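I opened my notebook to look up side-chain contacts. Here is the structure I worked from.

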Amino acid sequence: MDTILLKIRTYGDPCLRKKSKAVKDVGPSERFLINAMVDTMRSHQGIGLAAPQIGLNEQIFVVDVGDGPFVVINPQITKKTGADFMEEGCLSIPEVLIKVKRAEAITVVYTNENNRRVERKCSGLMAKVIQHETDHLNGKLIVDYASLAEKIKFKKKLSELQKSNKGSES
């Protein structure tokens with residue numbers, strides 16, 4: 001099968017700030033989309049990619065922290081424990097790293113690519129990536145966690161990204 005790469009939306013694109021809709025059913029078109037999202041994530045050396053980042057406000061994201069891709073649809077984080085800071089990047093905000101405080105361990109209930117509801121306990125990097133991607137589904141970005149110093153440090157870069165998205169339609 002050919003690799004299909006999707007355009008990643010960047011900071012300032014209105015699609016990144018909209019709340020995503022739940023996916024009613026996972027069929028062939030959703031599976032096709034998921035495969036394209038995995039290809040796109042890998043081509044950009046990412047470890048997570050949410051549908052809003054490619055211009056679709058649907059509750060779907062893909063993750064690969066090194067043990068193969070995994071698909072999350074309609075996630076609900078039902079439990080959070082511990083807290084830890086980690087510097088996070090985002091494919092939609094290139095060259096920007098923000099220190100974000102997130103739960104160290106989570107329990108997430110979601111639908112997989114086979115339309116099955118799954119409950120999964122995660123910790124460490126996997127837990128942080130799931131929280132990051134879930135934020136995308138809610139229109140929240142890492143810059144929303146930025147300290148004043150980080151906002152000042154990345155002001156020029158964010159302004160450039162925003163300018164390049166003036167007039168973007170979603």
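I began with Arg-102 and Glu-88, whose side chains meet in a salt bridge at 2.7 Å, N to O. I used this rule: a side-chain nitrogen of Lys or Arg lies within 4 Å of a carboxyl oxygen of Asp or Glu. Arg-102 lies in strand E5 (residues 98-102) and Glu-88 in strand E4, so the pair ties together parts 14 residues apart in sequence. I took helices (H or I, at least four residues) and strands (E, at least two) as DSSP runs, numbered from the N terminus.

The model is predicted: local features need pLDDT of at least 70, side-chain atom pairs count only at pLDDT 80 or more, and totals for chains, interfaces and linings use all residues. Residues are numbered from 1 along each chain as its sequence is written, and side-chain values use heavy atoms, with hydrogens and water left out.

Next I checked burial. Buried means under 20% relative accessible area, exposed means over 50%, and partly exposed is in between (1.4 Å probe, protein chains only). Arg-102 is buried, with a relative accessible area of 5%. Glu-88 is buried too, at 4%.

How many salt bridges does a search of the whole structure find? I noted nine. One of them joins Arg-9 and Asp-13, at 3.0 Å from N to O. Both of these residues are buried.

Then I looked at Asp-84 and Lys-128. They form a salt bridge, and their closest N and O atoms are 3.6 Å apart. Asp-84 is in strand E4 (residues 84-88) and Lys-128 in helix H2 (residues 124-137), so this pair links distant parts of the chain, 44 residues apart. Lys-128 counts as buried, at 3%. I also found Asp-84 and Lys-128 in a network of salt bridges with Glu-104.

Last, I turned to rings. Rings of Phe, Tyr and Trp (its six-membered ring) pair if their centres lie within 6.5 Å; planes under 30 degrees apart are stacked, over 60 edge-to-face, and the rest tilted. The count comes to one aromatic pair. Phe-70 and Tyr-110 have ring centres 5.6 Å apart and planes at 65°, so the pair is edge-to-face. Phe-70 lies in strand E3 (residues 70-81) and Tyr-110 in strand E6 (residues 105-111), so the pair ties together parts 40 residues apart in sequence. Phe-70 is buried at 9% relative accessibility, and Tyr-110 is buried at 4%.
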